[in-house]
Amino acid sequence: MNFSGSYRSEDVSFLLKPLAMQDFVDVPEKEFLIQSGQRHYSEMLSPESLPSERYLAVFREACAANTARMARDCLTLAGLICQRRSGPVTLVSLARAGTPVGVVLNSLLPKVFGRASTHYSVSIIRDRGIDQVALEHILAQGHAPESIVFIDGWTGKGVISRELSSAIDEFNRRRGTAIDGGLYVLSDLAGSAACAASCDDYLIPSSILNATVSGLISRSILNEAIGPGDFHGCVYYQQFEAHDQSQSFADGLVAAALEIAAADGTPDAQAVDREAAGAVSRAYMLAALEQHGITDVNMIKPGIGEATRVLLRRSPRLLILRDAGAPDVAHLALLAQEKAIPVIVDATLPYHAVSLIRSALDG
């Protein structure tokens, strides 16, 4: 049975096992269990809540300001995919942040570039790899291994890019396939993606929300409820259906991209300078570890997208902004205010925002 979350069935197939509502773990307890090594983050979910009216207003402002930029980058990424793949394209987005991008690309590839495409969204988990059962399923549908393109929204430190590359290398060795384990993203802050439309830290509007812009699915789950032949799991938030933005957001992006393509043609599909982005990322991470007395690099989340995730579903210690008045960080400033998170301004920051995670093991 095709599981497409709250999207149309032709837009995406989530290769995820819908689970009954989980016993949610509150954020402080989850942080303690993760940081103490007692449980892996993928085994637990914290409850998601609907955004406040003020926060939704900020989301709408972000869409008004940056939908055209995101749409243009989706066109650029589609063009880069067409340069690197021949024949039908099999888009495999990484749930959740990659899913809206995959939905848009799946529409643009045939409509603008005349290329047939199919879109699956699968789970990848840090330190656990990509869902191997899902990959086997994709190949069993008759898709050529060389047609597969992995899609995500952005990179922060490049952890998921490296996780993907390692997992696909292992899969290829085991199966004798030659799947390209490179990641294709809209914005590559870490210089770790195989292909990106940009290296800019800009506000990708879908990074502001959780389930209500990603098909109403939770972050993926890998716990005792997942058997050896199962896809990784998720919860479908049916109770949020009246507030869902997923389909309308994707449709708005596609409409904006089609308008740009009709008026200006497709953007020049040039890959970005990965080396420069990687150098900036490495230098910042080393400096931040020392400056903030941090020994675990996972406690530092650079870039608007990653900083937003921390404020939405982790225990933030500090929000660092380059310019507190910049429109692209208005939602972060609001979240910090709502959650009483300290904010400092650092004009030398190479990104618009960085969030630090609070240690759950102190005190």
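**Pockets and cavities**

Me: What volume does the second largest pocket have?
Reply: This is a predicted model. In it, the second largest pocket has a volume of about 330 Å³.

Me: Which residues are closest to its centre?
Reply: Gln-35, Asp-296, Met-299, Ile-357 and Ser-359 are the closest. They belong to a lining of 17 residues.

Me: How does the lining of the second largest pocket split by class?
Reply: There are 6 nonpolar, 5 polar and 6 charged residues.

Me: OK, the largest pocket. What volume there?
Reply: About 450 Å³.

Me: Which elements give two or more residues to its lining?
Reply: Three helices are listed for the largest pocket: helix 1 (27-35), helix 8 (304-313) and helix 9 (330-339).

Me: And which residues lie nearest its centre?
Reply: Pro-47, Glu-48, Ser-49, Asn-210 and Leu-312. The whole lining of the largest pocket is 31 residues. By class, 16 are nonpolar, 6 polar and 9 charged.

Me: Switching to cavities. How many are there of 30 Å³ or more?
Reply: The count comes to 2.

Me: What is the volume of the largest cavity?
Reply: About 790 Å³. Its lining has 39 residues. Tyr-41, Ile-160, Glu-306, Arg-309 and Arg-313 lie nearest the centre of the largest cavity.

Me: Which element gives the most to that lining?
Reply: Helix 8, with 5 residues. Others supply at least two each, including helix 1, strand 5 (124-125), strand 8 (154-155), helix 5 (159-175) and strand 12 (300-302). Helix 8 also gives two or more residues to the lining of the largest pocket.

Me: How many charged residues line the largest cavity?
Reply: 11 are charged. Another 11 are polar, and 17 are nonpolar.

Me: And the second largest cavity, what lines it?
Reply: Trp-154, Ser-187, Leu-189, Asp-200, Asp-201, Tyr-202, Ile-204, Ile-304 and Gly-305. That makes 5 nonpolar, 2 polar and 2 charged. The second largest cavity has a volume of about 50 Å³.

Me: How much helix and strand is in 281-359?
Reply: The chain there is 39% helix and 22% strand. The end C-alpha atoms of that stretch are 23 Å apart.

How values were computed
Residues are numbered from 1 along each chain as its sequence is written. This is a predicted model: local features need pLDDT of at least 70, side-chain atom pairs count only at pLDDT 80 or more; totals for chains, interfaces and linings use all residues. Side-chain values use heavy atoms; hydrogens and water are left out. On a 1 Å grid over the protein atoms alone, a cavity is a set of points where a 1.4 Å probe fits but cannot get out, and a pocket is an open set with protein on both sides within 12 Å along at least five of seven lines; lining residues have an atom within 4 Å of a point. Grid points are joined across faces, edges and corners, and a volume is the space filled by probe spheres set on the points. Helices (H or I, at least four residues) and strands (E, at least two) are DSSP runs, numbered from the N terminus. Ala, Val, Leu, Ile, Met, Phe, Trp, Tyr, Cys and Pro count as nonpolar, Asp, Glu, Lys and Arg as charged, and the others, Gly among them, as polar.
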